[in-house]
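User: Please take a close look at the aromatic rings in this model. I want the pairs, their geometry and their surroundings in one connected account.

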Amino acid sequence: QVQLIESGGGLVQAGGSLRLSCAASGRTFSSYVMGWFRQAPGPEREFVAAISWNGISPSYADSVKGRFTISRDNAKNTVYLQMNSLKPEDTAVYYCAGQRIGAPQYGYWGQGTQVTVSS
């Protein structure tokens, strides 16, 4: 069982930066694929980025590639999302998610943190 708590959201002007953190409980964090998703007003939750258990081969949505960086510190049970060159369209609630290796989908989700980018 993993519990996820996001932090670091807030209000920032376009072109600014924020770093989101996701602290995980549980001793098996290092065996999980970790991801970030976001949801703007509307029904769809959008994939943002993901990172493997060992931090190799992160993946990104095309909309954030080159601006966002996902990383993790397994010693601290924390995954990060560094967001640079933010745009108003990045405004959303950002969710951290965990996928146990071998599981078919993300099974653990945080409560979300709001990111608002003003123009």
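Analyst: A residue is called partly exposed when its relative accessible area falls between the buried limit, under 20%, and the exposed limit, over 50%. Phe47 has a relative accessible area of 31%, so Phe47 is partly exposed. The model is predicted.

Now the ring pairs. The structure holds 5 aromatic pairs. One of them joins Tyr32 and Tyr108. Their ring centres are 5.7 Å apart and their planes meet at 65 degrees, so this pair is edge-to-face. The cut-off for that class is over 60 degrees. Tyr32 belongs to strand β4, residues 32-39, and Tyr108 to strand β10, residues 108-109. The pair therefore ties together parts 76 residues apart in sequence. Tyr32 is buried, at 3% relative accessible area.

Strand β4 also carries Phe37. The ring of Phe37 pairs with that of Phe47. Here the centres lie 5.7 Å apart and the planes stand at 75 degrees, so this pair is edge-to-face. Phe47 sits in strand β5, residues 46-51. The parts tied together are 10 residues apart in sequence. Phe37 counts as buried, with 11% relative accessibility, whereas Phe47 is partly exposed.

These two rings belong to a cluster. Ring pairs link Phe37 and Phe47 with Tyr106 and Trp109. Trp109 has a charged neighbour as well: Arg45 lies over its ring face, 4.7 Å from the ring centre. Arg45 also has its charged end over the ring of Tyr95, at 3.9 Å from the centre.

Note on methods: Residues are numbered from 1 along each chain as its sequence is written. This is a predicted model: local features need pLDDT of at least 70, side-chain atom pairs count only at pLDDT 80 or more; totals for chains, interfaces and linings use all residues. Side-chain values use heavy atoms; hydrogens and water are left out. Rings of Phe, Tyr and Trp (its six-membered ring) pair if their centres lie within 6.5 Å; planes under 30 degrees apart count as stacked, over 60 as edge-to-face and the rest as tilted. Helices (H or I, at least four residues) and strands (E, at least two) are DSSP runs, numbered from the N terminus. Buried means under 20% relative accessible area, exposed over 50%, partly exposed in between (1.4 Å probe, protein chains only). A charge sits over a ring if NZ of Lys or CZ of Arg is within 6 Å of the ring centre and within 35 degrees of the ring normal.
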